[in-house]
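Try each task before reading its solution.

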Amino acid sequence: MTIKKLAAILGLSHTTVSRALNDHPAISQATKNSVLQAAREYGYIPNSAARALRNASTGAFGLVIPDIQNDFFITITNAIAHQAAEQGWQMMLAITGDKPEMEHTVLRRLMTARVDGIIFAPTASPLDESRELLLRTNAVQLLRRHDSLPAPVIAIDDRYGIHLAVQHLRGLGHSRIGYIGSSLALSTGVERLQGFLQGFSAEEQAALEDVIAMGPPQAAFGGEAFARIMGSANPPSALVLGSPRYAMSILLAAKAQNIRIPDDLSLVAYGDVSWGSLLDVKLTTITLPETEIASACVAIIRQWMSAETPVTPEAFYAATQSHIFTPQLVPGGSTTAFRPRR
């Protein structure tokens, strides 16, 4: 939203709106109130805030994530918050709930607070207004990426990570392997599914369609998808999880159905879970490079905070490269050699 657009909406001149926003004495209080109310409603950020954002460091940055129940985001948030405290930076944490409208709201509020930059995990469908805001600040996409956004990315090679899981299971003799992954509306969902499928021929992929489930990265979906897949006429002998959120619900569902891991089903989880040490069997996992990702985020924040002359968004986007980190497979007790069902 610009002054020109705001003026058109209100039916006022550009000059009148500009003066009202800057509390000019020649403008009546009624007009000022009307302009300020419209500015709030339409998400206009006053020029004074935008100028301050570009010309003076505030020592604050925004971290925007979908939720605080995902072990990955919890770990990254804690690591960044710890570094911020040591450096004397102010971290402003915001939660979107994976809702585009909430994403726009928190981005606007952070920019109004004149943060030096924003690190955020984008929703599946950012609003046009959010894209406009991101063109006016320094931002980095975390874990997820949306091609319509200009911001560079700090993420994981998801395709490679899931492919490692398939290779591991095929090496153990499994051929009918199921997959539960997050929505294809998310870049992470697309990349992880592609990593799974590339481990099979076209004919094999077609045969596995009934043991592949895609949905929201929420625990409830994991349990529901597991019940469907394992209840099919020809259930898989192994299963790959495409989100950290699914592990708990799937282990509980397996116990309820008396499915023993790994005796009845080999399982590869995506990402370490904080409660993993409580299990009788150590999970085979795709371990995520959380420390490296947190360090890359901190390096970007330090760049924002230490620049003698604050970098404009245009210059920041042109000079900042994306960082894609490589995960690893760590074998555990949840996978074993294929055993034909009796």
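A residue is called buried when its relative accessible area is under 20%, exposed when it is over 50%, and partly exposed in between. Keep in mind that this is a predicted model.

**Exercise 1. Is R260 buried, exposed or partly exposed, and which residue is its salt-bridge partner?**

Step 1. R260 has a relative accessibility of 47%. That value lies between the two cut-offs, so R260 counts as partly exposed.

Step 2. The partner is D263, and the closest N and O atoms of the pair are 4.0 Å apart.

Step 3. Apply the cut-offs to the partner as well: at 39%, D263 is partly exposed.

Step 4. Now widen the view. R260 and D263 belong to a network of salt bridges that also takes in D264 and R339.

**Exercise 2. Find the salt bridge between R144 and D98, and decide for each residue whether it is buried or exposed, or in between.**

Step 1. The two side chains meet at 2.6 Å, N to O.

Step 2. Locate the ends. R144 sits in the loop between β4 (139-142) and β5 (153-156), and D98 in the loop between β2 (90-95) and α6 (100-112). The pair is 46 residues apart and links distant parts of the chain.

Step 3. R144 has a relative accessible area of 6%, so this residue is buried. D98, at 29%, is partly exposed.

**Exercise 3. Which helices does the salt bridge between E132 and K5 link?**

Step 1. Start with the contact: the closest N and O atoms of E132 and K5 are 3.6 Å apart.

Step 2. E132 lies in helix α7 (residues 128-134) and K5 in helix α1 (residues 3-10).

Step 3. Check the accessibility. E132 is partly exposed at 31%, and K5 is partly exposed at 42%.

Step 4. For the overall tally, the model has 12 salt bridges.

How values were computed. Residues numbered from 1 in each chain as written. Predicted model: local features only at pLDDT ≥ 70, side-chain atom pairs only at ≥ 80, totals over all residues. Heavy atoms only, no water. Helix = DSSP H or I, 4+ residues; strand = E, 2+ residues; numbered from the N terminus. Buried < 20%, exposed > 50% of the residue type's maximum accessible area, 1.4 Å probe, protein only.
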